[in-house]
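Open your viewer and keep the selection tool ready. This tour goes stop by stop.

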Amino acid sequence: MASTIPTTVNGGSDTGTRTLSGFGFLTKRSYDPPPWASHLSPIPSHIFSLGHLPTPIHKWNLPNLPSNTELWLKRDDLSGMQLSGNKVRKLEFLMADAVAQGSDCIITIGGIQSNHCRASVAAAKHLNLDSYLILRTSEVLVDKDPGLIGNLLVERLLGAQVELVSKEEYAKIGSVALTDLLKEKLINKGRRPYVIPVGGSNSLGTWGDIEAIREIEKQLQDLAHGAGFDDIVVACGCGSTVAGLALGSWLSCLKATVHGFSVCNDPDYFYNYVQCLLDGLSVGVNSRDIVEVMDAKGLGFEMNTAEELKFVKEVAEATGVVLDPVFSGKAAYALTKDMAEHPQKWQGRKILFIHTGGLLGLYDKVDQIAPLVGNWQRMEIHKSTSV
């Protein structure tokens, strides 16, 4: 019999297991929530095994940390599914729902280099579903071929149909109306589309990061000392990740303070959005009581300062960890700035930073990064050396 990794803590059914043999990949199974989340409603009925989970946790020796501060890194960038990062956690639930509804294709929406959209296409193709993407780009590029850089290359290799809209159209019409418009067109053609919102961010998708907390709990139990974390830090780009992590940490025995560093909208937007997700699970808790949202957007979403990209380069060179420039790179940069400005807030804390993936987004920043990586030359070969 294959050995298994239990994903239930303190009891629960054996349906919540992943086989170490690897034959559990792409299988659908009944879902049993963690005991501490069993009162939430609605509870998903099924889940697909799409990710390579659990993702590892290791010490992260960033320079210049406050005194007695421990920083650890959870590597959701290693979750598989074509570098899907933490997006695959939500898709395990969303794709199970799409299949249960008899859908033959998915629709989702995001920025031109959306990690979520690329992850959705990869997951859908594994389950024999077609993909339709609505991607937001600039007015001057909306009528041109979007190219094959970064996430676009993977999406188009996997056969996704790309529908471009301008940023102005997106702002005026809204993501929900745009996906509804495409859904109606596809239904009229006889298709059965399943709509996934921006970032997979809805109450169902939130279960992916509730499960991440169960995973972290299990990993801590497997440690000899079993000590927990004081803080969990993660980039905040759509809301459901911080909602799931904060809710799970609050309900479970983990009780770590969750800090979300916003890479797009302001903190008030996310407090309100997270509240909607929590209300959708019948929790009865105020979002501001279980998560701290801090501003890290800088120049704006998918835009970087030279200092932020320099930080990404320095972290890679110092620690071997490559951060994406849009999410985890910005969040880690903002975290280190906050540590420098308010060291007393972080002194003596044990912090878990969640690397949410998005490596392909670096390819969209090649021109900006090029001046930072000039370490090359032609090898000198003495003329007397025989060839």
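Start by selecting Glu-317 and Lys-313: they sit four residues apart in helix 10, so about one helical turn separates them. (Helices are DSSP runs of H or I, at least four residues; strands are runs of E, at least two; both are numbered from the N terminus.) The two form a salt bridge, with the closest N and O atoms 2.5 Å apart. A salt bridge here is a side-chain nitrogen of Lys or Arg within 4 Å of a carboxyl oxygen of Asp or Glu. Glu-317 is exposed, at 61% relative accessible area. Buried means under 20%, exposed over 50%, and partly exposed in between (1.4 Å probe, protein chains only).

A word on the source: this is a predicted model, where local features need pLDDT of at least 70, side-chain atom pairs count only at pLDDT 80 or more, and totals for chains, interfaces and linings use all residues. Residues are numbered from 1 along each chain as its sequence is written, and side-chain values use heavy atoms, leaving out hydrogens and water.

Stay in helix 10 (residues 306-319) and pick Glu-314 and Lys-310, again four residues apart. Their side chains meet in a salt bridge of 4.0 Å, N to O. Glu-314 is partly exposed at 41% relative accessibility. Lys-310 is also partly exposed, at 36%.

Next, select Asp-104 and Arg-191. Their salt bridge brings the closest N and O atoms to 3.1 Å. The pair links distant parts of the chain, 87 residues apart. Asp-104 counts as buried, at 18% relative accessibility. How many salt bridges does the whole structure hold? A search finds 18.
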